[in-house]
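Hi,

Here is the structure I said I would pass on. Have a look at it first, and then read my notes below.

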Amino acid sequence: MLRDKIKEKLSDKILAWYETSVKRIYFSVDKKHITETVKILFCDLGLRFITASATDLPSSFEVIYHFSNDPQGEIYSVRVLLEDKLKPEIDSIANLFPGAEWIEREIWEMLGINFKGHPNLKKLLLADDWPEGKYPLRNKQ
Amino acid sequence: MSHKIIVPIGPYHPLQEEPEFFQLYVDGEKVVDIDIIIGYNHRGIEKLSESKHFDQIPFLVERICGICSSSHPYAYVLAVENILGGEQSIVPERALYIRTIIDELQRIHSHLLWLGLTGHFIGYNTIWMWAWKYREPVLDCFEMVTGNRNNYAMFKVGGIRRDVLDEDIPILKKTLDELLKALDLFRGAIADDPVIKSRLKNVGTLTKQQAIDWCVVGPTARASGINIDVRRDEPYGVTDRLDWNVILEKEGDIYCKTMVRILELYESVRIIRQCLDKMTKGPIDADVKDIPPGEGIGRVEAPRGECFHYIKSDGTNRPIRHKIRSPSYMNVASDKVGAVGGTISDATLTLAAVDPCYCCTERVVVINSLDNKKIMNGWDLIKLSQEKTLKIKEHYDGRPK
């Protein structure tokens, strides 16, 4: 079973594990472990990266990386909480595979989360003359 | 002496489904690099969705895309039903069948539209006219069943909004029978034509490893040998109870992408026929009232690939986060490897091969980096592609038989 393998390989990194339904598995890791975790899921276990979603929560920013285990039709979602609301940042995973480049650029411009080490962190969807420091998907902006 | 030329394609036209701006860096005839700039029609739908009631959102997300306008609402209702306990446990039987029928009819009309455009780009305007001619009866079926030719407004959390009438079923079956004859025609025309083969074979190739790295989905991935299809991997509607196949090719060039789509049309016809035969009478809506707090993910196989919706609910009547990832978001990014290394006359075709609905790109400016500036329109680039086909045709015609 893949979920046992993941639990075993990431045993020291997983902070919480819960399954909302048979095929929807969520687990959280600390933000400093995100590149290692993604590397194990994508490169070693061969999961397909679907996308990442970020949410502005009252006390933190939440970034969830969704991975698909296609043979079993399961989705593994890795949750990371960024507690520093003034300067949210996390390591980029776009250096591991190019498919993550666009989504990190989108989260960066929409929520102002900085992806450290991103090869090409510039605006993707917003206009070039969009004002600095205004993030459309943040609450209370 | 080589001149490095930048060829901007785009950015947009109001009719284009997904406005994009491709900047090709050209050395002589060869494309050496490409910049993809998107966001010209960014409408902030994710933010808008946070201000809508759960029942209003299907109408909103339906308008993300005019071609696959049932995939987004379907993925959205699946995400909400994921919070409620799963589609299979709450949605009535008959609604599951009708959902699958709508989803597959949409795939047929979308693939036919793409096939027509590809024909047009390579100068086979007959294929274009035929494909769009045979797409019309499919749209008529939509009008008959849902009341609309596009944006069907069929999906709601817990069921569907409109039943399929008994008297419509024979008309649907007849349309499918006639469509099959047309599909045979297309398959023959494309598989047997040496000119089409030489235009599409080994062009815009995406290897399996590249496809994995760029996380592409749908026919683009299946043409490169990646065996994924949400309909089989995580069945929704009634796709797990029917007899059909996932179409797979290996080489990853445009010819494979074309063949995958053509063969998928046959499978869609098979799925709809079985649905029409097996469908029984019954309720079509579970009448869901409240959405509990929680988070849900729904995904469907849209004509272009996996369409993904993530919903986070706090128990009120609106979601606090709605993340949408359409398939082209992943596929278009892979043009960076598909188009580079090819010639400029193949560029239109390669960019169109991932099916980004690129039909109305009108403004093309060719700028020489040194001094002269030449402005072409979109037709000039298509003409370039069509002329290449003509040359190949002449080559084949002049050959001793």
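Let me start with a spot in chain B: C215(B) sits in the loop that links α9 (208-213) to α10 (218-223). Its phi is near 55°, a positive value in a residue other than glycine. Keep in mind that this is a predicted model. Most residues other than glycine have a negative phi, which is the reason I flagged this one. Is C215(B) buried or exposed? C215(B) has 26 other C-beta atoms within 10 Å, and the cut-off for buried is 20 or more, so C215(B) is buried.

There is a second residue of this kind. A153(B), also not a glycine, has a positive phi of about 50°. You will find A153(B) in the loop between α6 and β4 (155-156) of chain B. With 17 other C-beta atoms within 10 Å, A153(B) falls between the limits of 12 and 20 and is therefore partly exposed.

Now for chain B as a whole. Its secondary structure comes to 16 helices and ten strands. The chain has 401 residues, of which 49% count as buried. If you take the contacts in chain B with a separation of 6 or more, 70% of them are between residues 24 or more positions apart.

In one, α5 (residues 93-121) and α6 (residues 125-146) of chain B pack at an angle of about 160°, their axes 7 Å apart. That angle is over 145, so α5(B) and α6(B) are roughly antiparallel. The crossing of α5(B) past α6(B) is left-handed. On the α5(B) side, the residues that meet α6(B) include L105(B), I108(B), L112(B) and G116(B), while α6(B) brings W128(B), W132(B), R135(B) and F142(B), among others. By class, this contact has 14 nonpolar, five polar and one charged residues.

The other pair is α7 (residues 168-192) with α12 (residues 254-278) of chain B, again at an angle of about 160° but with the axes 10 Å apart. That makes α7(B) roughly antiparallel to α12(B). Here too the crossing is left-handed. From α7(B), residues including L172(B), L176(B), L183(B) and F186(B) meet a set in α12(B) that has I262(B), L265(B), Y266(B) and V269(B) among its members. The residues of this contact divide into 14 nonpolar, one polar and three charged.

On to domains. Chain B is divided into domain 1 (4-40 + 340-397) and domain 2 (45-330). Where they touch, 22 residues of domain 1 are in contact with 20 residues of domain 2. On the domain 1 side, α15 (344-353) and α16 (378-397) each supply at least two residues. Which helix gives the largest share of that side? α16(B) does, with eight residues.

Last, the contact between the chains. 26 residues of chain B are in contact with 23 residues of chain A. On the chain B side, α1 (45-49), β6 (294-302), β7 (305-313), β8 (319-325) and α13 (327-333) each supply at least two residues. That side of chain B has ten nonpolar, six polar and ten charged residues.

Cheers

How values were computed:
Residues numbered from 1 in each chain as written. Chains lettered and ligands numbered in written order. Predicted model: local features only at pLDDT ≥ 70, side-chain atom pairs only at ≥ 80, totals over all residues. Contact = placed C-beta atoms within 7 Å. Helix = DSSP H or I, 4+ residues; strand = E, 2+ residues; numbered from the N terminus. Nonpolar A, V, L, I, M, F, W, Y, C, P; charged D, E, K, R; others polar. Axes fitted to C-alpha atoms, helices over the stretch in contact; angles between N-to-C directions. Parallel < 35°, antiparallel > 145°, perpendicular 65-115°, else oblique. Left-handed = near helix turned anticlockwise from the far one by under 90°. Domains from an automatic or database assignment.
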